[in-house]
Amino acid sequence: MNIVLMGCPGAGKGTQSAKLQQAFPLYHISTGDVLRAEIASGSELGKKLGEIVNQGNLVPDELMISMLEGIVRSTDKGIIFDGFPRTVGQAQALDEMLARLHRSITHVLMIDLPEEEVVNRICSRKQCKKCGAILRVDAEKPVVSCPSCGGELYTRPDDTPQRAKHRLSVYRQSTLPVKDYYQGGGKYTEINGNQTPEKVFEDIAKILQK
Ligand code: AP5
Ligand code: MG
């Protein structure tokens with residue numbers, strides 16, 4: 001099983017990836033997390049990436065693809081691709097890369113979320129520095145540490161209302177066309193992301209168990 005998990009910013013790709021990893025023997029690759037780790041390392045490459053990612057723009061295809069290939073090669077497990085591909089060029093490159101490795105995409109899952117929910121979701125997100133847990137925080141009842149491990153929580157620099165809106169417009173322009181690339185191939189399914197995380201996962205699990 002190799003899954004492409006698509007969806008706009010805040011659709012729940014990271015939340016559902018965590019649930020999928022608990023239920024199936026899958027390796028999770030979030031290109032956003034890969035980029036944030038490089039930025040946090042303080043490397044020269046990380047500095048350049050930070051300027052792009054923190055503004056909500058896309059990293060150039062060739063660079064993203066070259067960063068991904070080594071990670072894909074490092075595992076024999078089925079993979080969840082979270083946030084990749086994000087352009088038609090990346091989708092074509094992924095098919096070519098997997099073919100070279102005698103693998104292929106088995107499922108493309110699009111988590112749909114109404115646009116008016118995006119800013120709300122993005123601006124109430126916190127993530128744990130220690131265990132990576134993704135939380136939804138109520139502004140009225142702020143959470144100071146991770147309920148799972150007690151780790152420190154942080155807010156992503158691209159999680160401001162203005163950048164969330166910009167990311168959404170980048171998504172509409174560059175990533176929505178990827179839907180056409182996959183539709184019609186028999187692997188593509190849309191899931192209603194505007195339900196509880198548990199219900200979204202139930203819908204995803206039904207598709208994977210078919
Ligand atoms: P990335 O990290 O992938 O960000 P994104 O696509 O904008 O998506 P998010 O991570 O913001 O949202 P999500 O869908 O994972 O939602 P989550 O589960 O966290 O990419 C960041 C940046 O990196 C890009 O802008 C770009 O610059 C760069 N980049 C990454 N990949 C790239 C690529 N392939 N090419 C080029 N550049 C790339 O949930 C969000 C919130 O909602 C949380 O608070 C969560 O608790 C809550 N929530 C989740 N599900 C539900 C639910 N069902 N009901 C209620 N709340 C929910
Ligand atoms: Mg994410």
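**Helix α2 and its partners**

In this predicted model, the axes of α2 and helix α4 (residues 61-73) come within 11 Å and cross at roughly 100°, where axes are lines fitted to C-alpha atoms, for helices over the stretch in contact, and angles run from 0 to 180 degrees between N-to-C directions. Helices (H or I, at least four residues) and strands (E, at least two) are DSSP runs, numbered from the N terminus. The two helices α2 and α4 are therefore roughly perpendicular to each other, given that angles under 35 degrees count as roughly parallel, over 145 as roughly antiparallel, 65 to 115 as roughly perpendicular and the rest as oblique. Thr 31, Val 34, Leu 35 and Glu 38 of α2 meet Met 64, Met 67, Leu 68 and Ile 71 of α4, contact meaning heavy atoms within 4.5 Å. By class, this contact of α2 with α4 has 6 nonpolar, 1 polar and 1 charged residues; Ala, Val, Leu, Ile, Met, Phe, Trp, Tyr, Cys and Pro count as nonpolar, Asp, Glu, Lys and Arg as charged, and the others, Gly among them, as polar.

Helix α2 also packs against helix α3 (residues 44-53), at an angle of about 125° and with the axes 7 Å apart, which makes α2 oblique to α3. The crossing of α2 past α3 is left-handed; a crossing has this hand if the near helix is turned anticlockwise from the far one by less than a right angle, and is right-handed if clockwise. From α2, Leu 35, Glu 38 and Ile 39 meet Leu 45, Gly 46, Leu 49, Gly 50 and Val 53 in α3, and the residues of this contact divide into 5 nonpolar, 2 polar and 1 charged.

The second largest pocket draws on α2 (residues 31-41) as well, and this helix gives the most to its lining, with 5 residues. About 160 Å³ of space lies in this pocket, and its lining consists of Asp 33, Arg 36, Ala 37, Ile 39, Ala 40, Val 53, Asn 54, Pro 157 and Asp 158. On a 1 Å grid over the protein atoms alone, a pocket is an open set of points with protein on both sides within 12 Å along at least five of seven lines, a cavity is a set where a 1.4 Å probe fits but cannot get out, and lining residues have an atom within 4 Å of a point. Grid points are joined across faces, edges and corners, and a volume is the space filled by probe spheres set on the points. The lining of the second largest pocket divides into 5 nonpolar, 1 polar and 3 charged residues.

**Elsewhere in the model**

Helix α1 (residues 13-23) and helix α9 (residues 197-209) pack at about 55°, with their axes 10 Å apart, and are therefore oblique to each other. Here α1 passes α9 in a right-handed crossing.

The structure holds 1 cavity of 30 Å³ or more, and the largest cavity has a volume of about 70 Å³. Strand β1 (3-7) gives the most to the lining of the largest cavity, with 3 residues.

Residues are numbered from 1 along each chain as its sequence is written, and chains are lettered from A and ligands numbered from 1 in the order in which they are written. Local features need pLDDT of at least 70 and side-chain atom pairs count only at pLDDT 80 or more, whereas totals for chains, interfaces and linings use all residues; side-chain values use heavy atoms, with hydrogens and water left out.
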